[in-house]
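Please find below a colleague's note on the structure under review.

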Amino acid sequence: MAKWLTISDVQNLLHVPESTIQRWVRQGNLPCTERAGKFYFNREILLSWAEAKEIHVEKKDLSRKKPSRIEKHKWQELKKAMERGGLHQLEGGSDWKTLFREATGLLNYDTTIQNQVFEQLVQREELSSTALGNGIAIPHPRIPMKLELRESLVLSLFLNQPVDLRAADQKPVYSLFFLLSCEAREHLQFLSQIAKVLHEPSMPEFINKHPNQEQLFEQFHQVLA
Amino acid sequence: MSSFIKYWRNKLNTFLTHGVPAGERQLLSRFQAVSAREALVMMTAALVLGIAAGILSVGLNWSVHALREFSQNLGAGWLAILFPAIGAGLAVFMIRSMMKDFSGHGVSDVITAMTIGSERLPRRMIFSRFFGSLFTVGSGGSTGLEGPIVCVGGAVGAVSGRWLAMNERRRKLLIGYGVAGAVAGIFNAPLTGLIFTLEIIVGEWSILTILPTIISAVSATEISRILMGNKIAFYQDIAGFSFVSLVACVGLGILTGLISIAFVRSLGFWENLFSGVNKKPWVRAATGGLLVGLLGWQMPEVLSEGYDVTQKFLLESSDYALVFVLLFVVLKFLACGITLGSGGVGGVFAPSLVIGSGVGLAYGMILGKLPIEGVAEEAAFSLAGMAGMVTGVMHGPLTGIFLVMESTRGYSMILPLMLTASSAMVISSFFEVGSVYTRDMISKGNLIRRGTDRYLLHYMNIRDILDQDFNTVDPDLLLRDFIPIFQQARRNYFPVIDKENGSCAGVVFLDDVRPYLFDKTLHELVTMGSIMRMLPVIRLNEPISQALDQFENSDAWSLPVEEDHRFLGMLSKSTLFNHYRRELQIQSS
């Protein structure tokens, strides 16, 4: 990390506006050097100064960027999550818990995390059905934040034999989209996007054709973009 | 008796709190009249405290000298080695086992009481410190009476504050007055009492700290003069001070600064060493006393306070050889460290003065041997060395300057004293964050001065400023059922409470949910548990400064607060700021 910090570095470090920092420098409250009309701050001295004054300093990277806001109608993020989860074809026909167990087995995580995910999915499912109707369901964990997942992902699953998920319209479920996202806003967005696509009238017919991933993406793209 | 006390307590309270007749006065000037009443009451209290502290300090000084003379005239021969051991052992046994006084080193106890609470100075401390130092120093222990008498004076102040049912702020003021009286009385030096109290003990300069402290210092000094005569601690006959010598004082300041750091650190060293000797404190003290006795056998001058030696350094410096002076400094340095480190009751005031006078004298002698024109006499450097050493040890340049100037009536020496003291202070503060009294407190984060950020935060109670006007939700609540809750909510966040243990699982923010609130397809799918945010939780028993760090780490505006994993409420930055500002207005004078 640089030895000499500029005003904007200090701004990120102390979380105060630039004008405040300039005033502190003028008032002689901040240790700094002036070179060619610009102010430079010795990193070590500034940090020890903050320590002595018990001022909180951002300990992470100096040029930390805030997470960018997710835009509601873009579906690139969802596409990446679906790519991470992948598209799988299973025999099905069992009860839903066995299917969930099979599905979590497909995750690219070790068994402890797979078990955690399974537990959470079952807890949520027992609370109320995640089936949307028309043979489609979006199972998700009860409290996603408790899971130790690296990235959010959507696992798409098509079944040869349906399972009963106690859907409101009594129809058995042929396709499931497992949504695992640890961030509140993102969870809501993905859920809303998937639900929107699956509610399209043409959707049951499309899914019956067992499309591959590209075709699935194409369908999502048409609805969302 | 008790009804008599109650009557006067009530009288006093009425006088202090009841309104002043309104008449034509403005509100502000009415408040001034109330403040003037308070100042009057505090000055009267300071007068009485000053007299009491004066009598106590004269009493202690007199009894120590009597005991010292008695033990010297006993003609015990080599058995005199045992005297310091007996004295220190007896003193510590008495304090710990009989009086159950387990606190620290005198002056630091008073500073702790000033910052944390006056209950840190209980009544038994008056007796334990008085007799403890009497036995330790009277038997030859190499330390001073000032630390203990400061403690005694402070305890007298604290006790009378409690006795008069005064509030905490006034009790702390009374502690300061007691300390000023004690210091002024023992040195026959009113200014020193005032300066020491304000600079080292109170750390705050205002009407209520300065004026009554002056009264206390004056009355204690007068009592001491009536009882003991107008004697001063050290006599000197220094003719003058040249420019060359003034420059040389900077060097002396640096030297004493370094030695004072070594001295302060050696105390910690000896304490560590002796803590391994024996579990019983009085055995440790007696062991230390024995070592001091052996040193005293070699050189009797290192025993007891050592003011008589300093006196001789000042008036008859030509009687001493450089080697003797250097040896004296080294042995005194060791003897003081051992006495205090082994748990003996005493202060660092006297040792600093005596070691400083030795260092200064040696410095003067060496300067005199160099081929430089117009160097002042050695005794003058001895005086400057005292100021430098006191400053370095106590981190109080004003105390160092005024103490030496006043106790030697040497105003003509003010320039060298100021120069030495300030250069010693520079060196000392380069190596140590605080004085011998405060360095441990600072490193533990316990030094909480009035009016500082830490003080304000320390006394703010999180529980009292929690927000409660929000709706909590269950993690399994569906979005559909959330809508009616949100419609009547006053805040835009909803803590999610775990049903099983009542802890806060997370917080749902309206901003996150708002775009999807009326998306009907989601009503049955979304539960609160899946859309809440995990926030760092503030524990009620953690320091509030840590809570503030959590705010800065998480960018959140309000955070959940829990006690024993039970959710209590939300702490918001804006509420915190309101209370902080109010607290600042109240606390700043």
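The points that follow take up the basis of the note, then chain A, then chain B.

1. Basis. This is a predicted model, in which local features need pLDDT of at least 70 and side-chain atom pairs count only at pLDDT 80 or more, while totals for chains, interfaces and linings use all residues. Residues are numbered from 1 along each chain as its sequence is written, chains are lettered from A and ligands numbered from 1 in the order in which they are written, and side-chain values use heavy atoms, with hydrogens and water left out.

2. The sheet in chain A. In chain A, 3 strands form an open, antiparallel sheet in the order 1-3-2. Its edge strands, each pairing on one side only, are strand 1 (4-5) and strand 2 (33-35) of chain A. Two strands are taken to pair if DSSP finds at least two bridges between them; helices (H or I, at least four residues) and strands (E, at least two) are DSSP runs, numbered from the N terminus. Strand 2 and strand 3 (residues 38-42) of chain A run antiparallel and are joined by 3 bridges. Within chain A, A:Thr33 stands opposite A:Tyr40 of strand 3.

3. The helix across that sheet. Helix 3 (residues 43-52) of chain A lies across strand 1 and strand 3 of chain A, and runs at about 70° to strand 3 of chain A. Axes here are lines fitted to C-alpha atoms, for helices over the stretch in contact, and angles run from 0 to 180 degrees between N-to-C directions. Contact means heavy atoms within 4.5 Å.

4. Helix 5 of chain A. Which residues of helix 5 (residues 96-105) of chain A are buried? They are A:Trp96, A:Leu99, A:Phe100, A:Ala103 and A:Thr104. Seen down the axis of helix 5 of chain A, these buried residues fall within an arc of 130°, so they line one face of the helix; the arc is that of the directions from the helix axis to the C-beta atoms. Buried means under 20% relative accessible area, exposed over 50%, and partly exposed in between (1.4 Å probe, protein chains only). The cover over the buried residues of helix 5 includes strand 4 (87-92), helix 6 (111-127), strand 7 (153-163) and strand 8 (173-180) of chain A.

5. Chain B overall. Chain B has 24 helices and 5 strands, and its C-alpha trace spans about 105 × 60 × 55 Å along its principal axes. Of its 589 residues, 55% count as buried. Among contacts in chain B between residues at least 6 apart in sequence, 75% join residues at least 24 apart.

6. B:Thr408. This residue lies in the loop between helix 16 (397-407) and helix 17 (414-431) of chain B and, at 2% relative accessibility, counts as buried. The side chain of B:Thr408 reaches the backbone oxygen of B:Val404 at 2.6 Å. Leaving aside neighbours within four places in sequence, B:Thr408 is in contact with B:Ile232, B:Phe234, B:Gln236 and B:Leu383.

7. B:Thr420. Placed in helix 17 of chain B, B:Thr420 counts as buried at 0% relative accessibility. Not counting residues up to four places away in sequence, B:Thr420 touches B:Cys249, B:Leu252, B:Gly253, B:Thr256, B:Ala384 and B:Gly388.

8. B:Ser139. The loop between helix 5 (124-138) and helix 6 (146-163) of chain B holds B:Ser139, which counts as buried at 10% relative accessibility. Its side chain reaches the backbone oxygen of B:Thr136 at 3.1 Å.

Note on methods: A polar contact is a pair of N or O atoms within 3.5 Å; within protein, one must be able to donate a hydrogen and the other to accept it, and residues adjacent in sequence count only if both atoms are side-chain atoms.
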